[in-house]
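Welcome! Take a look at the sequence and the model, then read on.

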Amino acid sequence: MTQPDLRDPRKLYKTDGFEKQDQPTPALQTKMQPEPDCGEESYQGHDKLLNRRVLITGGDSGIGRAAAIAFAREGADVAIQYLPGEEADAKQVAKLIESAGRKSLLLPCDLKQDGVAADLVDQTIAAFGGLDTLVLNAGQQISQPSLEKLPIKQVQETFQVNIVAMMAIAQAALPHMPAGGSIVTTTSIQAYSPSGHLMDYAATKAAIKNWTINFAAEAAEKGIRVNGVAPGPIWTPLQLDQGQPIEALPKFGQDTLLKRAGQPAELAPVYVFLASNDASYVTAQIYGVTGGGVIN
Ligand code: NAD
Ligand code: MG
């Protein structure tokens with residue numbers, strides 16, 4: 001008899017004892033112990049995004065990298081934006097996109113700078129002949145012990161990267177996007193259940209959730225769907241680049257129902273679904289991939 005393919009979600013991946021580790025900004029995926037799983041060896045495409053022209057912000061590592069790999073294997077050309085210091089991670093992603101038989105485009109830039117949005121959109125359109133799918137995923141997360149210790153400059157920069165730049169990129173992209181196009185944002189469980197040490201970050205994630213639902217109405221008039229993904233604790237460079245207090249790393253993710261951190265590869269199918277025609281009646285929604293944290 002053929003056995004069913006069942007995988008116990010509690011036992012997939014490493015469940016505890018992440019090494020305490022720290023990296024200077026920007027943290028690199030290749031220097032993590034263990035390296036996150038972004039589906040490099042496992043993701044199988046089924047032409048769900050055939051000939052799409054995609055821009056993914058923060059596509060060099062973590063969740064954005066998992067989306068980039070999956071989208072390319074689903075048949076899309078993929079441009080990734082990332083910080084200039086993340087070239088090593090980004091080059092690996094470009095190789096993975098190309099080995100799926102698709103075009104890649106590398107767009108290094110710092111979203112703290114004003115005026116980069118139009119350039120990202122223009123370069124993607126010049127390389128691929130259009131832009132129909134946008135994954136707004138870049139984000140900054142810097143842990144601080146209290147409001148008293150939270151530098152206001154950090155608050156401004158977190159809002160600049162996570163909110164202002166995100167809206168600017170969507171604003172630049174929208175006039176070029178055709179009906180049937182899709183925008184996927186990345187919010188967080190932090191939008192619903194905020195941690196005291198992530199006050200500025202959690203507030204941006206709540207704003208992303210709010211904006212996703214709000215903007216979906218305007219985009220719907222053009223036949224474009226807008227949805228968000230709310231991840232729980234996922235093992236990515238974000239967590240090692242001051243994203244968590246170092247002493248919290250060994251137990252990272254263990255307070256979820258599944259008692260482990262998630263891996264970026266476990267997010268990719270949700271990004272693919274929301275971007276694809278399969279989600280034709282899905283807009284203004286937030287999908288949770290949290291290991292059990294409730295998002296409503
Ligand atoms: P990541 O570090 O791999 O990705 C974040 C990316 O954002 C970086 O690779 C970088 O390219 C980009 N970025 C950060 N600051 C930038 C700046 N100033 N200019 C340009 N680009 C910049 O980590 P990730 O966890 O995959 O993060 C992706 C998204 O997922 C983020 O929006 C994050 O808030 C969200 N998220 C992550 C988790 C988690 O536990 N890892 C949980 C909820 C939400
Ligand atoms: Mg990165």
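## Strand 4 and its partners

In this predicted model, Val54 stands opposite Thr133 of strand 4. Strand 1 and strand 4 pair in the parallel sense, and three bridges link them. Strand 4 also runs parallel to strand 5, with four bridges joining the two. Here Val135 is the residue that stands opposite Val184 in strand 5. To get from strand 4 to strand 5, the chain passes through helix 4, and this β-α-β crossover is right-handed.

Which way do the residues of strand 4 point? Thr133 and Val135 point one way, while Leu134 and Leu136 point the other way. In a regular strand, side chains alternate between the two faces of the sheet. All four of these residues, on both sides of strand 4, are buried.

## The end of helix 4

Helix 4 covers residues 152–173, and Ala173 is found in it. Is Ala173 buried or exposed? Ala173 counts as buried because it has 24 C-beta neighbours inside 10 Å, and 20 or more are enough for that label.

Leu131 is 42 residues away along the chain, yet the two C-alpha atoms are 7.5 Å apart in space. Setting aside neighbours within four places in sequence, Ala173 is in contact with Val121, Leu131 and Leu134.

## Helix 5

Next comes helix 5, residues 199–220. How does its expected span compare with the distance between its end C-alpha atoms? At 1.5 Å a residue, its 22 residues should span 32 Å, and the end C-alpha atoms are 32 Å apart, so the two values agree.

Several residues of helix 5 are buried, among them Asp200, Tyr201, Ile208 and Ala219. Lys205 and Lys209 are buried too. The buried residues of helix 5 pack against helix 4, strand 5, strand 6 and strand 7.

## Around the ligand

How many residues surround ligand 1? There are 27 of them, and the closest are Gly58, Gly62, Gly139, Thr236 and Leu238. By class, this shell has eleven nonpolar, twelve polar and four charged residues.

Helix 1, residues 62–73, gives the largest share of the shell, with three residues.

## Backbone details to look for

Most residues other than glycine have a negative phi, and most peptide bonds are trans. With that in mind, a few spots in this chain deserve a look. The peptide bond from Thr25 to Pro26 is cis, with omega near -5°, and the one from Gln33 to Pro34 is also cis, with omega near -10°. Pro26 lies in the segment before strand 1, and Pro34 is in the segment before strand 1 as well.

Asn51 is not a glycine, yet it has a positive phi of about 65°. Asn51 too is placed in the segment before strand 1. Gln242, again not a glycine, has a positive phi of about 70°, and it lies in the loop between strand 6 and helix 6.

Are these two residues buried or partly exposed? Asn51 is partly exposed, with 13 other C-beta atoms within 10 Å. Gln242 is partly exposed as well, with 19 other C-beta atoms within 10 Å.

Note on methods. Residues are numbered from 1 along each chain as its sequence is written. Chains are lettered from A and ligands numbered from 1 in the order in which they are written. This is a predicted model: local features need pLDDT of at least 70, side-chain atom pairs count only at pLDDT 80 or more; totals for chains, interfaces and linings use all residues. A residue is near a molecule or strand if its C-beta atom, placed from the backbone, lies within 6 Å of it. Ala, Val, Leu, Ile, Met, Phe, Trp, Tyr, Cys and Pro count as nonpolar, Asp, Glu, Lys and Arg as charged, and the others, Gly among them, as polar. A residue is buried if 20 or more other C-beta atoms lie within 10 Å of its own, exposed if 12 or fewer, and partly exposed in between; C-beta atoms are placed from the backbone. Two residues are in contact if their C-beta atoms, placed from the backbone, lie within 7 Å. The expected span of a helix is 1.5 Å times one less than its number of residues. Two strands pair if DSSP finds at least two bridges between them. A crossover is right-handed if, with the strands pointing away from the viewer, the path from the first strand over the helix to the second runs clockwise.
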